[in-house]
Amino acid sequence: MDAQKEQKITVLKEQVNTVSAIVYDNLDKYLERDLRLGSMQRRSEELQAASSSFQMTARKSKRELWWINAKWKIITAVVVTVISLILLLVILRLVGVIR
């Protein structure tokens, strides 16, 4: 009977050792996962900050380019108007309307 009890105890110890190994393995996996999640969260926050910075820079650049474009349109309109007036005056003078 003692041999049966010892055999049961040995089997139980092996089962406890197996369960302990599984628990330690799961704990290691959990800690690794936690580290990866922390790293991913940190990278996500860095990307969010970079995205905000990029968005502000893009808006600023868009405004600057809009003003440059607007200035060129105004300059072009003024030049076309001046040239048109000069041509009109020359034509009116050649026709004899203006002396």
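This is a short walk through one protein model, from overall form to single residues.

First, a caution. The model is predicted.

Let's start with the fold. The protein has one helix and zero strands. Its radius of gyration is 42 Å, while the globule rule gives 13 Å for 99 residues, so the protein is more spread out than a compact globule. Taken along the principal axes, the C-alpha atoms fill roughly 140 × 20 × 10 Å.

The helix is α1, and it covers residues 2–95. Here is one distance along the chain. Take Ile91 and Gly38, which are 53 residues apart in sequence. Their C-alpha atoms are separated by 78 Å.

Next, the surface. How much of the protein is buried? Buried residues make up 1% of the 99 residues.

Now the nonpolar side chains. There is a nonpolar patch on the surface, with about 1,200 Å² of accessible area together. Its members include Leu65, Ile68, Trp72, Ile75 and Val79. Ile83, Leu87, Leu89 and Ile91 are also among them.

Ile68 lies in helix α1. It counts as partly exposed because its relative accessibility is 44%, and the buried class stops at under 20% while the exposed class needs over 50%. Ile91 lies in helix α1 as well. At 48% relative accessibility, Ile91 is also partly exposed.

On to charge. The protein carries 16 positive and 10 negative side chains. How far apart are the centres of the two sets? They lie 29 Å apart.

Side chains of opposite charge can pair when their charged atoms come close. How many salt bridges does a search of the whole structure find? It finds one. The partners are Lys29 and Asp25. Their closest N and O atoms are 3.4 Å apart, and a salt bridge here requires such atoms to be within 4 Å.

Where do the partners sit? Both Lys29 and Asp25 lie in helix α1. They are four residues apart, about one turn of the helix. Lys29 is partly exposed, with a relative accessible area of 49%. Asp25 is partly exposed too, at 37% relative accessibility.

Terms used. Residues numbered from 1 in each chain as written. Predicted model: local features only at pLDDT ≥ 70, side-chain atom pairs only at ≥ 80, totals over all residues. Heavy atoms only, no water. Helix = DSSP H or I, 4+ residues; strand = E, 2+ residues; numbered from the N terminus. Rg over C-alpha atoms; globule rule 2.2 N^0.38 Å. Buried < 20%, exposed > 50% of the residue type's maximum accessible area, 1.4 Å probe, protein only. Lys, Arg positive; Asp, Glu negative; His and termini not counted. Charge placed at Lys NZ, Arg CZ, Asp CG, Glu CD. Patch = residues over 30% accessible without salt bridge, like charges linked within 9 Å, V, L, I, M, F, W, Y side chains within 5 Å. Areas by Shrake-Rupley, 256 points an atom, 1.4 Å probe, with all protein chains shown as cover.
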